[in-house]
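Look at the model below before reading on.

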Amino acid sequence: MTDRYDGSRAGGAGPSALERRKAALAAASFPPRPDGAGALLGDRVLVYLRREQTDAVLPYADPARGGLVVTGADPGHALGPALAAGTRLPLLNDPVGYETVRATVAAPFVLPAAGLVTVTLAEVLDAQLRAGAIAALSPTGYIPAGGTDVLREAARQFGLLGRADAIFTAPLDISLLGPSYYATTAAILAGIGTPVALILGGQGDPLTQSKHIIPNLRDLAARVPLIPIRTDFNALDLVGHGAIAAAIGTGGSVRHTVDPFEKRRAFSRDQSPSVLWPELVSFFKGSKINELFGARPSLAPRCDCAACGGRRLTRFLRREHQSQAIGHAAAVWTRWAADLLDAPTVRGRAQYWRNLCAGAVAHHAVFLAQLQLLEGLTPQEPLKRWATLPAWPSIPAAAAVP
Amino acid sequence: MDEALDGGTANADLLVAAREALGLTQAQLAARLTELAGSGQPVSQGYVSRVEKGALTVTGDRLGLFAAALESSPGLLASPARLWSLGDGCLYHRNRASTKASTLRRLHARVNLLRLQLHRLAEVAGEPLPEFTWEPVPAGGAFGPDDAARAVRKACGADDGPVRSVTAIAEGMGALVVTLPLGAREVDATSLHPPGEPPLFVVNSDAVPERQKYTMGHELGHVACTPGEDTDPEEMAQRFAAELLAPSGQVYADLKAAPVTPARLLQLKSSWLISATALLRRAYDLAVISESSYRRISAQTSALGWRTGEPEPLPAEQPAVVPALVRRAIDAAGGVEAAAMAAGTTAGFIRQLAGQPEPVPGQEEAR
């Protein structure tokens with residue numbers, strides 16, 4: 001043999017069952033979804049947020065195509081503001097035990113103690129439903145690097161419950177989606193049978209860990225009833241590749257998670273909020289946008305979303321502007337999500353997303369030209385990948401759906 | 001022991017294997033036969049070819065001639081043994097992409113012959129070969145080679161920390177391990193595991209000890225787990241070796257404890273007893289470093305010359321089971337030469353297997 005480290009897998013001559021399945025999925029109007037929680041959430045792109053951000057988001061979330069995933073160990077507390085506002089949005093509660101506890105084979109779920117008695121997994125799920133969640137998210141601990149045995153045990157215990165009203169949460173260290181572990185991870189998640197709420201774990205942007213991550217995530221979306229949550233526009237990429245729903249985080253800290261044994265590495269001490277720059281399909285610090293257009297304020301981009309009403313993006317400078325920035329982002333990407341979901345086929349969704357990203361990559365040069373700059377505005381790596389990878393892998397003729 | 005002199009007929013497959021194990025062409029073997037016969041009647045390449053195809057039989061004195069030319073014995077060459085090849089699913093090798101097909105043929109011939117020789121030595125010693133009772137763990141679907149590695153560690157009582165000797169683990173499971181010089185860097189190892197027999201690993205002693213150790217882990221992976229339908233056997237063996245030598249749940253914390261640099265890798269090498277290169281790869285697989293960092297540090301270590309030899313080399317692992325078996329066979333046979341004749345090989349090779357140095361010229365034992 002030769003040492004092979006490229007993550008490629010052995011393949012046969014003809015189209016595999018998976019290739020045929022992908023071909024059928026690409027041609028379908030929407031991905032097949034399991035009964036229960038999957039059916040309730042199908043074809044929605046939700047907002048993933050912290051409880052205190054509820055008011056900022058509610059005006060812009062789409063009742064027909066959206067919803068909220070609110071963080072908090074106490075579901076009644078977490079969902080309280082949304083319910084008090086009388087929202088018609090589907091609600092979910094993420095108990096976020098993975099933020100503080102690593103899962104182990106002996107204890108894959110983070111179960112609170114009530115006095116001397118430990119609450120059961122089923123009781124944690126029931127509490128979410130009683131609090132008003134449309135489906136329950138499992139309180140899975142952080143699945144550590146290489147921890148396929150931990151993931152398998154969590155999936156096994158969750159599967160024993162046999163609940164269609166629950167979603168298996170998979171807060172995975174990004175290594176589990178890399179070339180060494182992906183095949184095992186995918187097989188475990190595919191065996192669960194219920195929707196899987198996927199959370200990527202890693203410092204910085206987990207999508208940039210290796211070139212294998214985005215293709216593997218797309219592959220996973222085609223194999224598993226997937227709901228990527230607590231993520232960035234990876235959500236839209238995966239909805240374009242078979243994910244049944246998704247949830248986009250309102251800020252950098254709720255667009256991925258990190259191993260609870262590690263200190264979160266902040267990119268900067270900048271207090272300005274994370275701002276979506278629509279033409280670039282990317283988030284930037286408000287201060288960065290302001291700095292770029294400091295010398296040419298008249299060129300600063302305006303936004304016509306429901307939150308901005310034509311105002312400029314250079315106005316998000318301080319911490320207190322965060323709510324406005326969150327509302328702006330939700331208002332903008334909610335329109336994208338609606339357009340994407342309106343595509344006639346799943347392949348069409350992917351093509352829409354690819355076109356959007358390709359336009360955004362090209363637009364970086366437009367802004368640089370306007371600002372007469374040679375550098376300072378580089379497309380982010382995932383954006384470039386979304387813009388350049390084939391919308392769907394080429395499918396052998398024999399596997400293609402007529 | 002030499003039943004061929006009493007009427008045995010050469011096994012054509014063994015004649016081919018014995019020739020390929022020595023790296024001889026048919027013409028070179030013919031020349032050797034001609035020289036040994038000393039009758040003035042040359043042996044042609046065509047004759048050798050027909051013998052190897054089974055079109056001509058070889059018995060009696062002619063078989064003895066072949067045995068001498070092939071550094072074997074009539075008994076071995078006339079045995080009805082089966083030889084195993086790549087397609088049989090029990091023969092593996094670990095080599096570079098550039099390895100020549102002829103090198104691999106020679107390697108496969110050597111391991112096949114070695115298996116037969118060890119069987120014969122065990123017979124001489126009057127003891128059975130070790131029993132390999134490990135039930136291979138299926139590696140496919142939701143179960144990966146990591147699970148097999150964890151199971152092996154648990155079974156060996158090596159739950160925590162570095163593995164001091166993969167060879168000892170393999171031998172403890174009933175495998176036979178032999179280190180032989182297989183040439184500079186073309187081939188790392190080969191393994192043969194016929195059904196119902198202990199696996200035989202031949203590791204290239206010309207490779208650096210770090211690579212030998214990882215290679216042993218890789219080869220052990222081939223017998224500790226079985227690949228599923230969509231599992232590449234070589235990737236399976238790599239993942240097995242990685243988890244066996246540096247379990248993710250343990251090495252991760254060490255890899256995260258400080259920035260991964262060449263100097264840090266050397267620190268970890270001394271505690272995990274695996275190569276810095278393997279640790280770097282582990283850091284990437286466990287997402288401690290990104291793909292771009294992995295490439296950058298690989299380039300640094302390459303510039304430091306670590307591809308050919310890392311600083312602070314590890315001690316080479318020493319097999320124990322085969323050398324002990326061979327020494328007992330020598331004792332039982334009454335000497336190295338007798339053991340060599342019984343096994344069907346040379347005295348020098350028997351000494352090599354026994355881990356004994358070559359005798360001083362003039363002091364060789366009487367035949």
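This is a predicted model: local features need pLDDT of at least 70, side-chain atom pairs count only at pLDDT 80 or more; totals for chains, interfaces and linings use all residues.

Residues are numbered from 1 along each chain as its sequence is written, chains are lettered from A and ligands numbered from 1 in the order in which they are written, and side-chain values use heavy atoms, with hydrogens and water left out.

## Two domains in chain A

Chain A is divided into domain 1 (18-254) and domain 2 (274-388). These bounds come from an automatic or database domain assignment. The C-alpha centres of the two domains lie 26 Å apart. Domain 1 of chain A gives 36 residues to the contact, and domain 2 of chain A gives 31 residues. Contact here means heavy atoms within 4.5 Å.

About 2,800 Å² is buried between the two domains, and carbon and sulfur atoms give 69% of it. Buried area is the accessible area (1.4 Å probe) that two parts lose on being put together, summed over both. On the domain 1 side, Tyr60(A), Phe233(A) and Leu236(A) lose the most area to domain 2 of chain A, together 26% of what that side buries.

Two salt bridges are counted between the domains. A salt bridge is a side-chain nitrogen of Lys or Arg within 4 Å of a carboxyl oxygen of Asp or Glu. Eight residue pairs, both at pLDDT 80 or more, are in polar contact between the domains. A polar contact is a pair of N or O atoms within 3.5 Å; within protein, one must be able to donate a hydrogen and the other to accept it, and residues adjacent in sequence count only if both atoms are side-chain atoms.

The elements that give two or more residues to the domain 1 side include helix H1 (17-27), strand S1 (44-49) and helix H8 (213-223) of chain A. Helices (H or I, at least four residues) and strands (E, at least two) are DSSP runs, numbered from the N terminus. By class, this side has 19 nonpolar, eight polar and nine charged residues. Ala, Val, Leu, Ile, Met, Phe, Trp, Tyr, Cys and Pro count as nonpolar, Asp, Glu, Lys and Arg as charged, and the others, Gly among them, as polar.

## Where chain B meets chain A

Chain B gives 33 residues to the contact and chain A gives 31 residues. The area buried between the chains is about 2,700 Å², with 42% from carbon and sulfur atoms. Four salt bridges are counted between chain B and chain A. Twelve residue pairs, both at pLDDT 80 or more, are in polar contact there. Helix H7 (145-155) and helix H10 (233-245) of chain B are among the elements that each supply at least two residues to the chain B side. H10(B) gives the most, with five residues. The chain B side divides into eight nonpolar, eight polar and 17 charged residues.

## Salt bridges

Side chains of opposite charge can pair when their charged atoms come close. Over all chains, the count comes to 33 salt bridges.

| Salt bridge | N to O distance |
|---|---|
| Arg65(A) and Asp342(A) | 3.0 Å |
| Arg150(B) and Asp149(A) | 3.6 Å |
| Arg150(B) and Glu243(B) | 3.5 Å |
| Asp188(B) and Arg211(B) | 2.8 Å |

Arg150(B) lies in helix H7 of chain B and Glu243(B) in helix H10 of chain B, so the pair ties together parts that are 93 residues apart in sequence. A network of salt bridges links Asp149(A), Arg152(A), Asp147(B), Arg150(B), Glu243(B) and Arg282(B).

## Buried residues in chain B

Asp146(B) lies in helix H7 of chain B. Why does Asp146(B) count as buried? Its relative accessibility is 1%. Leaving out residues up to four places away in sequence, Asp146(B) touches Thr148(A), Tyr181(A), Arg239(B) and Glu243(B).

In helix H4 (residues 60-69) of chain B, Leu63(B), Leu65(B), Phe66(B), Ala67(B) and Ala69(B) are buried. Their cover includes helix H1 (12-21), helix H2 (26-37), helix H3 (45-53) and helix H5 (74-77) of chain B. After H4(B) comes Glu71(B), with a positive phi near 55°.

Notes:
Buried means under 20% relative accessible area, exposed over 50%, partly exposed in between (1.4 Å probe, protein chains only).
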